[in-house]
Amino acid sequence: MLPDGRYDEARGERRSAYTGRYTVTGSHLDYVDDTGFTATGDIRDGVLYHEHLVLYREQKSS
């Protein structure tokens, strides 16, 4: 998730496997993939619950 309202998702060896835009309303997210696919998610206690996935913020290495 990028600060400009876009996302760029890697899958396995595929960088940028899915790209698109997202909007946030409170703790709810709506996604629209560049292909037109849509999805939703909710943030609870700093964790993103996206459809059947549970996603955690990536930690920057020092």
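1. In this predicted model, strand 3 and strand 4 run antiparallel and are joined by five bridges. Within this pairing, Asp 30 lies opposite Thr 40 of strand 4. The two strands form a hairpin with four residues between them, where Gly 36 adopts a positive phi near 105 degrees.

2. Gly 20 has Asp 33 of strand 3 as its bridge partner. Strand 2 and strand 3 also make a hairpin, with two residues between them, and Gly 26 in the turn has a positive phi of about 65 degrees.

3. Strand 1 pairs with strand 2 over five bridges in the antiparallel sense. Arg 11 stands opposite Arg 14 of strand 2.

4. These pairings belong to an open sheet of six strands, arranged in the order 1-2-3-4-5-6 with antiparallel pairing. Strand 1 and strand 6 are at the edges and have a single partner strand each, so one side of each lacks a neighbour in the sheet. From one strand to the next, the twist averages 30 degrees.

5. The model contains one aromatic pair. The ring centres of Tyr 7 and Tyr 31 are 5.6 Å apart and the ring planes stand at 90 degrees; because planes over 60 degrees apart count as edge-to-face, the pair is of that kind. The pair links distant parts of the chain, with Tyr 7 in strand 1 and Tyr 31 in strand 3, 24 residues apart. Tyr 7 is buried at a relative accessible area of 11%, and Tyr 31 is buried at 7%.

6. The largest pocket has a volume of about 1,200 Å³. Its lining comprises 32 residues, of which Met 1, Tyr 7, Asp 8, Leu 48 and Leu 55 are the closest to the centre. Tyr 7 of the aromatic pair is thus also named in the pocket lining.

7. Each of strands 1 (6–11), 2 (14–25), 3 (28–33), 4 (38–44), 5 (47–50) and 6 (53–55) contributes at least two residues to the lining of the largest pocket. By residue class, the lining divides into 18 nonpolar, five polar and nine charged residues.

Methods. Residues are numbered from 1 along each chain as its sequence is written. This is a predicted model: local features need pLDDT of at least 70, side-chain atom pairs count only at pLDDT 80 or more; totals for chains, interfaces and linings use all residues. Side-chain values use heavy atoms; hydrogens and water are left out. On a 1 Å grid over the protein atoms alone, a cavity is a set of points where a 1.4 Å probe fits but cannot get out, and a pocket is an open set with protein on both sides within 12 Å along at least five of seven lines; lining residues have an atom within 4 Å of a point. Grid points are joined across faces, edges and corners, and a volume is the space filled by probe spheres set on the points. Ala, Val, Leu, Ile, Met, Phe, Trp, Tyr, Cys and Pro count as nonpolar, Asp, Glu, Lys and Arg as charged, and the others, Gly among them, as polar. Two strands pair if DSSP finds at least two bridges between them. Axes are lines fitted to C-alpha atoms, for helices over the stretch in contact, and angles run from 0 to 180 degrees between N-to-C directions. Rings of Phe, Tyr and Trp (its six-membered ring) pair if their centres lie within 6.5 Å; planes under 30 degrees apart count as stacked, over 60 as edge-to-face and the rest as tilted. Buried means under 20% relative accessible area, exposed over 50%, partly exposed in between (1.4 Å probe, protein chains only).
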